[in-house]
Amino acid sequence: MDSHSTPADRPLSPFAEGLHIGNSLSREKERFAPYNPPYVGMYVCGPTVYSNVHLGNVRTFLTFDIVYRYLLHLGFKVRYVRNITDVGHLTGDTDDGEDKIGKKARLENLEPMEVVQRYTNDFHDVMRIFRILPPSIEPTATGHIVEQIGMIENIIDNGFAYEANGSVYFDVRKYAETHDYGALSGRKIDELQNQSRALDGQDEKRDPLDFALWKKADSSHLMHWPSPWSEGFPGWHLECSVMSTKYLGKSFDIHGGGMDLKFPHHECEIAQNKGAHGPESPVRYWIHGNMLTVNGRKMSKSEGNGFTPEELITGNHKLLEKGYSPMTVRFFMLQGHYAGTLDFSNPALQAAEKGLERLMTAWDLLKSLAPSDGTDGPPDVDALRTRAYAAMNDDFNTPMLIAVLYDAVKAINSVAAGHLSIDAAGIAGLQALFADFADDILGLASENDGPSNTEDRSDGLMEVLCALRAEAKTKKDWATADLIRDRLSAMGVNIKDGKDGTSWTFD
Ligand code: AMP
Ligand code: ZN
């Protein structure tokens, strides 16, 4: 995959000034002003690695891939932290139930860390096939138990948490006396109180709204660590407070995640951070990606409507009429703005397939376009570029950007048909527009450029090796020629010299 670190000497683009972000905390589109430009700190809640990711998860990570790519493109130096949740996320997303990973380990007779590794690998594979860039740091919850215990101690010292029977709970009522609990999600504490039911472990809590920072492990619990309070494990919300502030500082620029994490996960994160570090808001911009739905219902594992990327590609799922390529799905998702829901359907996917093909065909045409005279004047490439930035600066408006690219497609096709004139500068301008916005920012690639080109690459490598061997043979350097053949053969690559040159087969 292409490397996307910003070149150290790339200056901040003048367009960076115009970036506006829809901030879920203020519910307004705000101009983006990081704490310490050109540096940007961004934290995104990563997956809970107890099962294969489904396409809904992919949508959320794609949303933040676009944010990351665009910030890099503008010249920001981004530290992007996306965690792996490998402990503490309980079934039901509350303070009771079994640990999701522990449960899977028990059912499949595996070590919890085997479960974690298996699904972390799967997650990475999926990210790669969708061209979602890796973050700068990918910390795990189990790798930060010491820091989590430290943060709990801070919160207790500040009077916002209490111990009960070896578990520690955040005291929401106490916190709400001096802080605005519910500011992010818009929930009112009294309404929440009315909705909450008696739950397991409730007796230990002073109030049903309180949430666990540390839970004492019962004998069936597979993952546990020593702490000042008990042999136990951290609460789910805590890890993100700890890992974001450890790597990005107590105040940082962007925090993201799916809309479904606003409450309780992110609301609790804010409370923990303020409870530990003081009233300053740790995060300047909260960004929430909206859900991928199927027939209007959130795609999720438990609904049974969450197909995996593999099912999507093969078409092997009852909801799929056929298989779709990862780039088609990426394009389909980018045709909707991240803040709106997006409903999965076969007709929409098939339309996206056609739309992407139109874009890719024009892009290919553009690569070999020559200056020419047409009946009409040249396309206004500068205006297209300005509109492309305006789209992205308007809260990462990818559908608007795609509309601009389609206008460029129209221009390319008109040039090719001899209607529009174009000079070398115009062609270079259009090529740069596609390189920047279609490739670098939207991350679209011709299917042949994706990971499947590993095959093309290995064929290319074989051609190089065979050419070197042929060269060695003409120089009568039999030792080198044999060395190449024998080393390849040891790797299971068999080469055969024929009258039309050398061919090879893989074992
Ligand atoms: P999880 O592994 O369940 O913690 O989820 C990982 C990420 O995927 C979270 O940011 C969720 O908000 C997000 N997510 C889960 N379901 C969907 C969905 N149907 N559409 C979009 N994002 C989702
Ligand atoms: Zn989180």
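A: A residue is near a molecule if one of its heavy atoms lies within 4 Å of that molecule. There are 16 residues around ligand 1, and Thr48, Thr60, Asp260, Leu292 and Met299 come nearest.

This is a predicted model, in which local features need pLDDT of at least 70 and side-chain atom pairs count only at pLDDT 80 or more, while totals for chains, interfaces and linings use all residues. Residues are numbered from 1 along each chain as its sequence is written, chains are lettered from A and ligands numbered from 1 in the order in which they are written, and side-chain values use heavy atoms, with hydrogens and water left out.

By class, the shell consists of six nonpolar, eight polar and two charged residues. Here Ala, Val, Leu, Ile, Met, Phe, Trp, Tyr, Cys and Pro count as nonpolar, Asp, Glu, Lys and Arg as charged, and the others, Gly among them, as polar. Helix α1 (residues 55-74) gives the most to this shell, with four residues; helices are DSSP runs of H or I with at least four residues, strands are runs of E with at least two, and both are numbered from the N terminus.

Next come the polar contacts, pairs of N or O atoms within 3.5 Å. A polar side-chain atom of threonine 60 lies 2.6 Å from a nitrogen atom of ligand 1. For asparagine 57, a polar side-chain atom is 3.0 Å from an oxygen atom of the ligand. Glycine 56 takes part through a backbone N or O atom, 3.0 Å from a nitrogen atom of ligand 1. Taken alone, ligand 1 exposes 500 Å², and the protein buries 91% of that (accessible areas by the Shrake-Rupley method with a 1.4 Å probe).

Elsewhere in the chain, some backbone details can be noted. The peptide bond from phenylalanine 263 to proline 264 is cis, with omega near 0 degrees, and proline 264 has its place in helix α8 (residues 262-277). Another cis peptide bond joins proline 37 and proline 38, with omega about 5 degrees; proline 38 is in the loop between β2 (28-31) and β3 (39-44). Asparagine 295, in the loop between β11 (292-294) and β12 (297-298), has a positive phi, near 50 degrees, in a residue other than glycine.

Conventions
A polar contact is a pair of N or O atoms within 3.5 Å; within protein, one must be able to donate a hydrogen and the other to accept it, and residues adjacent in sequence count only if both atoms are side-chain atoms.
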